[in-house]
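Dear colleague,

Please find below the structure that I am handing over to you. My notes on it follow directly after the sequence and the coordinates.

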Amino acid sequence: MTAEDGVPGDDPVALAQRLVRVDTQNPPGGEEPLARLILRRLRAAGIRAALEPLGEGRANLLAAVGPPSGPHLLFAAHGDTVPVGELPWEHDPLSGDLLEGRLYGRGAADMKGGLAAMVVAIERLAREPRLGGRVSLLVSAGEEVDCVGARAFHARHGMGDVDALVVGEPTGMRVANAHKGALWVEVRCRGRTAHSALPREGVNAVEAVLDAATIIRSRPLPDEDTTLAITRLGGGVRTNVIPDAAFLEVDIRSGTQGGRELWERCEAEIARRRARDPAFRCTTRVLLERRPVFTAPSHPLIALALALTGAGAPVTVPYYTDASVLATDPVPTLILGPGDARQAHRPDEWVAAERLWEAADVYHRLALGYLGGQTPAREGGE
Ligand SMILES: [Zn+2]
């Protein structure tokens, strides 16, 4: 876990510090300077790399090493971070300070540490005399808000030629073969105002939205893994007016299609209620949908990662990633990164420097193992 091969710049910690010092808080993102810094570095190492602009100050970075024949492994890391936030920090969030083996700063864990380790791994792979296939790196913009970078990549390049995907989101170097999907939905109810002393003259939208909440909360969850939470609720005009508008929002997380099906059952019950009660004027709308991701633990990519990290069994991470957008037609996906998810989105976010060395090493060896191990098998027709 040191710079054992002595190549200048082969240090994921120093690189992660530099990346943390580039402000990519999203909104607005501003990932282009970060992508440009990595671009210059990769090109200096003789690696083919390009920026793909996404409008004012924003860009994806794409890089690749190895021959176009053979299997294709895609490393994905996002360049944006969540905002520094309102709570005070002890360490300057854009400092990249290194203290007692911890690198501090916004994005250190989520996920500039993982990004730095992937860049160093790609550089090491470029120095390999024979690669059995191609390794690409996508540094995406916008993951923390709308996955704009991953969506643009998918629209432009597709994933048809990608055999496997590695996402460097924080897992504390545990091997994750799955993450939950998210479904965010809204219920809006309309009514008619009236003086609240004469409630029957109006149609009460707040009471309708409370009924909708009861319907939603009374549907049984399909499995232990699926969660549903009503997270926003609003409406009303003033105390003495029957309200004509109200809304609620729901966040459903699920590792299976069960989350989607749960919401369809809620919608069906809301529709039944609307059909028999003309005063119940509620409509529903999906605000965001991120698919769950799952890869069989026996898949070579997962099995190899387990062997390299010495882990016994893969885990599921509770958050969603760019893989929800990239792996829509299922692509075998591994989520593995040096950050600790508990550090993400918090003040004094940090990542262990030692983990960054470990991650660069595992990404490097994972690619070698996957590309090397797969090449002969492909000729037999997978
Ligand atoms: Zn992240």
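This is a predicted model: local features need pLDDT of at least 70, side-chain atom pairs count only at pLDDT 80 or more; totals for chains, interfaces and linings use all residues.

**Findings in the model**

Met111 is found in helix α3.

**The zinc site**

Asp110 is also one of the residues that coordinate the zinc ion. Which geometry does the site of the zinc ion have? The site is irregular, with angles of 53 to 143° among its four donor atoms. A site of four donors counts as tetrahedral only if all angles lie between 85 and 135 degrees. Along the sequence, the donor residues follow the spacing H-x31-D-x58-E. Asp110 belongs to helix α3 (residues 108–126), whereas Glu169 sits in the loop between β7 (164–167) and β8 (176–179), so this pair ties together parts that are 59 residues apart in sequence.

**Packing of the helices**

Helix α1 spans residues 12–20 and helix α2 spans residues 32–44; their axes come within 10 Å and cross at roughly 150°. Because of that angle, α1 is roughly antiparallel to α2, the cut-off for this term being over 145 degrees. The crossing of α1 with α2 is right-handed. On the α1 side the contact involves Leu15, Arg18 and Leu19, and on the α2 side Leu34, Leu37, Ile38 and Arg41. By class, this contact of α1 with α2 has five nonpolar residues, two charged residues and no polar ones.

How are α2 and α3 packed? Their axes are 11 Å apart, at an angle of about 20°. This angle is why α2 is roughly parallel to α3. Here too the crossing, in which α2 passes α3, is right-handed. From α2, the residues Leu34, Ile38, Arg41 and Leu42 meet Lys112, Leu115, Val119, Val120, Ile122 and Glu123 of α3. The contact of α2 with α3 divides into seven nonpolar and three charged residues, with no polar ones.

The axes of α1 and α3 come within 8 Å and cross at roughly 130°. The two helices, α1 and α3, are therefore oblique to each other. The crossing in which α1 passes α3 is right-handed. In this contact, Pro12, Leu15, Ala16, Leu19 and Val20 of α1 meet Ala108, Lys112, Gly113, Leu115, Ala116, Ala117, Val119 and Val120 of α3. By class, the residues of the contact of α1 with α3 are 11 nonpolar, one polar and one charged.

Some residues take part in more than one of these contacts. Leu15 in α1, for instance, is listed in the contact with α2 and again in the contact with α3. Leu34 in α2 is listed in the contact with α1 and in the contact with α3. Leu115 in α3 meets residues of α2 and residues of α1.

**Further backbone features**

Where does Pro27 lie? Pro27 is placed in the loop between α1 and α2. The peptide bond from Asn26 to Pro27 is cis, with omega near 5°.

Glu100 has a phi near 50°, which is a positive value in a residue other than glycine. The position of Glu100 is in the loop between β4 (98–99) and β5 (102–104).

With kind regards

Note on methods: Residues are numbered from 1 along each chain as its sequence is written. Side-chain values use heavy atoms; hydrogens and water are left out. Axes are lines fitted to C-alpha atoms, for helices over the stretch in contact, and angles run from 0 to 180 degrees between N-to-C directions. Helices (H or I, at least four residues) and strands (E, at least two) are DSSP runs, numbered from the N terminus. Angles under 35 degrees count as roughly parallel, over 145 as roughly antiparallel, 65 to 115 as roughly perpendicular and the rest as oblique. A crossing is left-handed if the near helix is turned anticlockwise from the far one by less than a right angle, and right-handed if clockwise. Contact means heavy atoms within 4.5 Å. Ala, Val, Leu, Ile, Met, Phe, Trp, Tyr, Cys and Pro count as nonpolar, Asp, Glu, Lys and Arg as charged, and the others, Gly among them, as polar. Donors are N, O and S atoms within 2.8 Å of the metal (3.2 Å for Na, K and Ca); water is not among the atoms, so sites may look incomplete. Four donors count as tetrahedral if all angles lie between 85 and 135 degrees; four count as square planar and six as octahedral if opposite donors are over 155 degrees apart and all others between 65 and 115; anything else is irregular.
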